[in-house]
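Subject: Structure handover

Hi,

Here is the structure for your files. My notes on its salt bridges and repeats follow below.

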Amino acid sequence: MASRGILHSELKEPLLATLRKRQIYADILRSCSKNKLLDLGIQVHGALLTIGFRFDMMLSQDLIDMYGKCGQVVRARQVFDRMPERNLVSWTSLMCVYVQNGRPEESLSLFSQLGSTGLKPNDFTLSTNLKACGMLSVPRIGMQIHDVCLKTGYDLQILVANTILDMYSKSGRIAEATCMFETMPGRNLITWNAMISGYNLAGNGRKALILFRKMKEEGEVHDEFTLTSVLKACTKIGAAREATQIHASLITNGFQYSDKASVAGSLIDSYSKCGKLFVARRVFNQIDKKHAISWSALILGYAQEGNLAEVMDIFRLLRESTIQVDEYAMSSMMAIFADLALLEQGRQIHGFSIKIPSGLRISVCNSALDMYLKCGMTEEAEKLFDKMPARDVVSWTVMITGYGKYGLGKEAIHLFNRMQSHNTNPDDVTYLAILLACSHSGLVEEGQEYLSKLCSDESIKPRVEHYACVVDLLGRSGRLVEAKNLISSMPVKANVGIWQALLSACRVHGDIDMGREVGHVVLKMDGENPVNYVMLSNMFANAGYWEECQQLREMVASKKLKKDAGRSWVEIDKEIHFFYGGDDIHPQAQQIHGVLEEMGKRMKQELGYVNEAKHALYDVDEESKQDNLRVHSEKLAIGLALVRGGWEKKTRVIRVFKNLRVCVDCHEFIKGLSRILQMVFVVRDANRFHRFENGLCSCNDYW
C-alpha cells in the first residue's frame, strides 16, 4: 500500500508541474491581451509550439483572444483553423475577434457555420452576433437571432436583451427597440444608454431628452456616455435651454466635467452649435487639461459661424500646446477646410498630419482625400489615394463621389468596379455616390443598372435619395414620364427632394404642364422653403409666363421668406477673399467692377453675349435684389482674380467657390470668359464642379 502511494505521488508531481506551467503561460497571454503586447505574445506562441502545448484548447483560445486584441485577425484565424478540437468558447472567441476588429460579416458567417457542429450558442455567442448585426445594420438577420433568443430564454438575460435593443436601434428599427425597452423585465444603465443613443440615431432628440428625465426619476445614476448622448440630443434639436440645465446640474452636483474629455467636448459642441459661442469658449477656458475633443468642438463652432480667423488662431494654439492631436481633431480640421475649399490651409494641416502618429490613420487619410477633391485638386487626391497603405469603403466612396461631382462618370464606374475587385463591398452611401456620378454624366443605362443591383442586394435597403438620383438622371435625358412613373412605383415614401429633381427637369425641358403639377406637390410638401419658389419662378420665366412669376414673387413676399445669402470666395496668394452679391467693400472694388465691365463689352463684341435679364427681373433667387447681374458674388470673385493678374498667367486655373447654385447668367458669362481669355475656370457650387474651358462647361449646361 505504501509503495502504491509513493508511485501515485511520483505521477502526480509532473502533472501538477505541467498544469502550473500551463497556467503561467495562460496568465502571460492574458496579460499580453490586456496590454496589447504583440511581440511578447508571439514569443509565448513560439514557446508553446516547442514544449508540447501546440494543441492545448485553453491556450489556443487565449492565443485567439490575444491576437484579436492586438489586431492580428489573420493569425487568430490560423490558430483557430489548426485546433484539432473546438468547443463553444473557441468559436465565440473568434467571432468576438471579428467584431472587435470591424469585420462583423465574418462573425456572422462563422455563426452560420456553428449550426452544423451541433454546438448550441450561449448568451455571449448570441450577444456578439447581435452586435455584428447592429454594426452591419441588417435587421433581418438580427431578427432571426432574436428569435433564437426567444426560444432559448436568453432574451430574459439583461446582457442579451441590451444587445437586442442596441441592434434594433443601430439598424434603424427604433419602434422595435422601443418595444424591447418597454417589455424588458429589468433595466440597467446600459439599457437606458442604448435607448437614449437609439433615439439620437433616429433623429429624435426630443424623445432622448424625455427618456433622460424618466431615467433620473427612476433613480438611475448616469455616466459619461449618458451625458454625452443627452448633450448630443440637445445639439441636434438646438435645445440650448436644456443644455444649460444639464450644465447647471453638473455644477450643482459637483460633477467634475472638466476632467471628463467627452462630456466637456459635448458641452462645448452643444453650446457652439446652439449659437452660444461665448459660453462654449468659457467652458473651454475652464478646462485645465484640454483634450483634443474640446479643441475640435470649439474649432468646429467657430467654423460654423464663419469665423475663419478664430479657427486658424485656435488651431495655432492647439499646435503650440502639448496636446497630442488625435485623428478626430485632424479629420475635423480637414472637413472645415474642405467645406470652405481652403486649399492652402488644407495642405498645411495635411502636411502636419503626416508627421504625427494619428495622422496616418485611415480616417485622416480619407478626410485629406475629401479635402483635395472639394478644393478641386483631383490629381492630388488620386496620388494620395494610390499611396494609401490601406483603404476602407469610405476611401473608395469619397473618390467615387469626387469623380461624380466633376462629371467623370466613366472614371467613377471604373473605380466602383475596382473597389469590388479589391474585396470591398459597397454600402448604401457608395451606391448613392455611383448613382450621382451616373446622373451628373448622363449615363442612363448604367444608372438604372446600379439601381437594380442595389434593390437586389439584401444587405442594403434602398433610400429615397437613391431613387432621386435616377429620377434626376431620367429627367436630364428628357424622359420625364419615366421619371414620374418611378416616383409613383418606388417602394419608399417620396420626399420633397425627389419632386424637386423632377421639377428641375421640367424647367430644363420646358414641360410647363407637368412642371405646374409637380410644383403644386412641392409647395404643398414644403411651402416655407424659398428655393421651391425659385425653381417654379425660373421655369415660368423661361417660358415667358410673367404673370405666374409675379404671383410667386408676391407669395414669397407675403410669407416673408428669406433665402441664404449668396457668397463666393477665391484664394489668391494664400489669402482668402469673400464676396456677397452687390459687394462694394473690397479695397479693389472699383477695379473689379471696371474689369467686369470691360469683359462684358468684349464678350458682347466677340460673342454677342447679353445679360440674361429675364432671370434678373423675375428670378426670386437674385442675390441681394440687385438688378445689375455684374454684381453677383461669383463674378466679383473672378473679377478680383483677373485684377490680380489672372489673365496674364495663361497656364493658371482660376478656382472660385460658391455656397449656392450658380445662376444661368453667371454660367453663360463664365463660359464666354473662358473662350475669349483662353483660360480655365473651375467653379464649385452647391451642386457640383463646373470646369469652363473654350466656351464650354463640363456640366453640359445641366446643373
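Glu-380 is partly exposed, at a relative accessible area of 23%. On this scale, buried means under 20% relative accessible area, exposed over 50%, and partly exposed in between (1.4 Å probe, protein chains only).

Before the rest, the ground rules. This is a predicted model, where local features need pLDDT of at least 70, side-chain atom pairs count only at pLDDT 80 or more, and totals for chains, interfaces and linings use all residues. Residues are numbered from 1 along each chain as its sequence is written, and side-chain values use heavy atoms, with hydrogens and water left out.

Which side chain meets Glu-380 in a salt bridge? Arg-347 does, at 2.2 Å, N to O. A salt bridge here is a side-chain nitrogen of Lys or Arg within 4 Å of a carboxyl oxygen of Asp or Glu. The pair links distant parts of the chain, 33 residues apart: Glu-380 sits in helix H22 (residues 378-387) and Arg-347 in helix H20 (residues 343-353). Helices (H or I, at least four residues) and strands (E, at least two) are DSSP runs, numbered from the N terminus. Arg-347 is partly exposed too, with a relative accessible area of 30%.

**Other salt bridges**

The structure holds 37 salt bridges. Side chains of opposite charge can pair when their charged atoms come close.

- Asp-62 and Arg-30 meet at 3.2 Å, N to O. Asp-62 counts as buried, at 11% relative accessibility. Arg-30 counts as partly exposed, at 38%.
- Lys-273 and Asp-269 meet at 3.3 Å, N to O. Both lie in helix H15 (residues 261-273), four residues apart, about one turn of the helix. Lys-273 is partly exposed at 38%. Asp-269 is buried at 18%.

Residues 87-121 are 69% helix and 0% strand, with end C-alpha atoms 11 Å apart. Residues 361-391 are 74% helix and 0% strand, and their end C-alpha atoms lie 10 Å apart.

Best wishes
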